[in-house]
Amino acid sequence: MSIFSENIRLLRHKKNLSQQSFAESLGMSRVRYSKYEDGRSEAPYEILIRISKFFNVSIDLLLTLDISKYPVDNMMKLPENRVVLPITVDSEGENFIEIVPQKASMGYLKGFSDADYIDKLSRMKLPFLKNGKYRAFLADGDSMPPFADGSYIIGEYIEQLTDLKPGKEYIFVTSDGITYKTLVKQTKKSVIVSADNTFYEPYEIPLENVFEVWKYVRGILPENYKPGKTNETYINTVLQELKTSIKELDDKVSSIK
């Protein structure tokens with residue numbers, strides 16, 4: 001029996017539906033549907049679409065994920081049913097910590113749920129990080145202030161957005177990229193986050209744009225890092241934005257006069 005067969009059987013039982021009633025809702029006979037659930041026949045694409053829409057579970061999860069291992073009710077509420085699936089393990093089944101280079105961040109946004117992509121990432125192990133699933137994100141240039149270029153920012157995977165806590169630091173993987181921010185508050189439709197630099201105002205990220213969230217647990221600094229030394233490029237960027245803001249304010253004052 002295939003993963004797909006097991007999944008539709010599980011989902012049908014969760015809805016308390018008989019094969020007959022579910023088949024009728026899909027517009028087919030019970031005999032035809034039973035072949036899909038028993039693994040004796042493969043469902044054509046149009047049937048996959050109907051089943052996906054009926055259960056509100058994406059086709060790729062129906063075909064590739066053993067849904068019985070996950071909280072189905074919560075999964076159905078996620079935008080496009082996004083979940084972290086692939087991990088890499090050693091010969092003893094212990095999780096590795098995959099490393100996501102900042103330069104490969106756009107690739108990660110497309111491949112975060114692709115087992116082949118994750119398997120190709122570099123990896124490391126830290127003996128003091130065992131309970132939980134961890135991933136490391138490499139800061140490149142000014143990608144994740146206040147961390148210096150070459151720092152490793154390690155996060156623990158957050159399964160439920162309801163587990164997020166205001167005032168805590170997280171790595172947000174969104175449709176716009178990967179960013180390190182502090183959670184200010186959470187609403188039903190978004191999270192409000194802020195940067196460590198108070199120069200920047202808190203801003204909103206719609207939940208539908210959030211792919212993954214990792215709770216910050218460790219930072220590994222580069223060999224040449226010196227405490228108190230701030231990245232010069234980052235300072236220049238802030239100063240330039242400050243100059244722009246001052247000019248805009250001057251223009252407004254001048255227009256009033």
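User: What does "buried" mean for a residue here?
Analyst: Buried means under 20% relative accessible area, exposed means over 50%, and partly exposed lies in between. The model is predicted.

User: Is F55 buried or exposed, then?
Analyst: F55 has 2% relative accessibility, so F55 counts as buried.

User: And F54, which class is that in?
Analyst: F54 counts as partly exposed, because its relative accessibility is 32%.

User: How many aromatic pairs are there?
Analyst: The count comes to 12 aromatic pairs. One of them is F54 with F55: the ring centres are 5.1 Å apart and the planes are at 85 degrees, so this pair is edge-to-face.

User: What about the rings of F147 and Y180, how are they arranged?
Analyst: The centres of the F147 and Y180 rings are 5.1 Å apart and the planes are at 85 degrees, so that pair is edge-to-face.

User: Where do F147 and Y180 lie?
Analyst: F147 lies in the loop between β3 (134-138) and β4 (152-157), whereas Y180 lies in strand β6 (residues 177-186). The pair therefore ties together parts that are 33 residues apart in sequence.

User: Are those two buried or exposed?
Analyst: F147 is buried, with a relative accessible area of 13%. Y180 is buried too, with a relative accessible area of 6%.

User: Which residues form an aromatic cluster?
Analyst: Y108, Y117, F137, Y157 and W214 form one cluster.

User: Changing topic to charges. What lies over the face of F96?
Analyst: R123 does, at 5.3 Å from the ring centre. R123 also meets D119 in a salt bridge, with 3.5 Å from N to O. By relative accessibility, R123 is partly exposed at 33%, and D119 is partly exposed at 46%.

User: Why would two charged side chains pair up?
Analyst: Side chains of opposite charge can pair when their charged atoms come close.

User: How many salt bridges are there?
Analyst: There are 8 salt bridges by count.

User: Which residue does R135 bridge to?
Analyst: R135 forms a salt bridge with E98, at 3.0 Å from N to O. This pair links distant parts of the chain, with R135 in strand β3 and E98 in strand β1 (residues 97-101), 37 residues apart. Both R135 and E98 are buried.

User: And what does D38 bridge to?
Analyst: D38 forms a salt bridge with R40, and their closest N and O atoms are 3.3 Å apart. D38 is partly exposed, with a relative accessible area of 32%, while R40 is exposed at 54%.

User: Which residues are linked in a network of salt bridges?
Analyst: R9, R12, E37, D38 and R40 are linked in that network.

Conventions: Residues are numbered from 1 along each chain as its sequence is written. This is a predicted model: local features need pLDDT of at least 70, side-chain atom pairs count only at pLDDT 80 or more; totals for chains, interfaces and linings use all residues. Side-chain values use heavy atoms; hydrogens and water are left out. Rings of Phe, Tyr and Trp (its six-membered ring) pair if their centres lie within 6.5 Å; planes under 30 degrees apart count as stacked, over 60 as edge-to-face and the rest as tilted. Buried means under 20% relative accessible area, exposed over 50%, partly exposed in between (1.4 Å probe, protein chains only). Helices (H or I, at least four residues) and strands (E, at least two) are DSSP runs, numbered from the N terminus. A charge sits over a ring if NZ of Lys or CZ of Arg is within 6 Å of the ring centre and within 35 degrees of the ring normal. A salt bridge is a side-chain nitrogen of Lys or Arg within 4 Å of a carboxyl oxygen of Asp or Glu.
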